[in-house]
Amino acid sequence: MAIPKKGSRTVTVDGVRFRWRIRRQPTYCEGAFACHFSIVVERSEPPSRCVLLLKAAFPRPDNWLGHAAGTITPRMITASIKHALSNGWKPEQAGSAFTHPLHTKEAA
């Protein structure tokens, strides 16, 4: 299943374009309990057959408890995609979503 183009952003990693998106509204767990959240990533062309779920180690900024949150940057997404690719994510092969932690250290 492809992620919606509306609200998604693009990054280029090693000459390949990827789209990433964060849910517009928090899930109940993300909002009420300040749970960690996910960012979904897919290859743009040709379309992915396996999406990447990046798990953030901090709550969303719009959590209902007001807990401190981090910021997601394109550099963090790029570093996370590179790390996921080197650890076995194959977007061209059909399968379940590949879950991987979000890298909070930005690539230089």
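**View 1. Helix H2 and the glycine after it.** Gly88 follows H2 and has a positive phi, near 110°. The model shown here and in every view is predicted. H2 has 13 residues, and at 1.5 Å a residue they should span 18 Å; the end C-alpha atoms are 18 Å apart, so the two values agree. Met76, Ile77, Thr78, Ala79, Ser80, Ile81 and Ala84 of H2 are buried. The buried residues of this helix pack against five strands: S1 (9-13), S2, S3 (36-43), S4 and S5.

**View 2. Phe18 and Trp89, a tilted aromatic pair.** The whole structure holds four aromatic pairs. In one of them, Phe18 and Trp89 sit 5.8 Å apart, centre to centre. Phe18 belongs to strand S2 (residues 16-21). Trp89 lies in the loop between helix H2 (74-86) and strand S5 (98-101). The pair thus links distant parts of the chain, 71 residues apart. Both Phe18 and Trp89 are buried.

**View 3. Tyr28 and Trp64, an edge-to-face pair.** The ring centres of Tyr28 and Trp64 are 5.7 Å apart. Their planes stand at 70°, so the pair is edge-to-face; the cut-off for that class is over 60 degrees. Tyr28 lies in helix H1 (residues 28-32), and Trp64 in the loop between strand S4 (52-59) and H2. The pair therefore ties together parts that are 36 residues apart in sequence. Tyr28 counts as exposed because its relative accessibility is 57%. Trp64, at 51%, also counts as exposed. Tyr28 and Trp64 form one aromatic cluster with Phe33.

View 4. Glu30 is placed in helix H1. Its relative accessibility is 8%, so Glu30 counts as buried; the limit for buried is under 20%. Beyond its neighbours within four places in sequence, Glu30 is in contact with Arg23, Gln25, Cys35, His36, Phe37, Ser38, Arg60 and Asn63. Take Arg60: the C-alpha atoms of Glu30 and Arg60 are separated by 6.9 Å. Along the chain, these two residues are 30 residues apart.

**View 5. The largest pocket.** The largest pocket holds about 160 Å³ of space. Its lining is made of Arg21, Ile22, Arg23, Ser38, Ile39, Val40, Val51 and Leu53. Strand S3 gives the most to this lining, with three residues. By type, the lining residues are five nonpolar, one polar and two charged.

View 6. Most residues other than glycine have a negative phi, and most peptide bonds are trans. Asp14 has a positive phi, near 50°, and is not a glycine. Asp14 lies in the loop between S1 and S2. Its relative accessible area is 67%, so Asp14 is exposed. Ala34 also has a positive phi, of about 55°. Ala34 lies in the loop between H1 and S3. With a relative accessible area of 13%, Ala34 is buried. A cis peptide bond joins Glu45 and Pro46, with omega about -20°. Pro46 lies in the loop between S3 and S4.

Methods:
Residues are numbered from 1 along each chain as its sequence is written. This is a predicted model: local features need pLDDT of at least 70, side-chain atom pairs count only at pLDDT 80 or more; totals for chains, interfaces and linings use all residues. Side-chain values use heavy atoms; hydrogens and water are left out. Rings of Phe, Tyr and Trp (its six-membered ring) pair if their centres lie within 6.5 Å; planes under 30 degrees apart count as stacked, over 60 as edge-to-face and the rest as tilted. Helices (H or I, at least four residues) and strands (E, at least two) are DSSP runs, numbered from the N terminus. Buried means under 20% relative accessible area, exposed over 50%, partly exposed in between (1.4 Å probe, protein chains only). The expected span of a helix is 1.5 Å times one less than its number of residues. Contact means heavy atoms within 4.5 Å. On a 1 Å grid over the protein atoms alone, a cavity is a set of points where a 1.4 Å probe fits but cannot get out, and a pocket is an open set with protein on both sides within 12 Å along at least five of seven lines; lining residues have an atom within 4 Å of a point. Grid points are joined across faces, edges and corners, and a volume is the space filled by probe spheres set on the points. Ala, Val, Leu, Ile, Met, Phe, Trp, Tyr, Cys and Pro count as nonpolar, Asp, Glu, Lys and Arg as charged, and the others, Gly among them, as polar.
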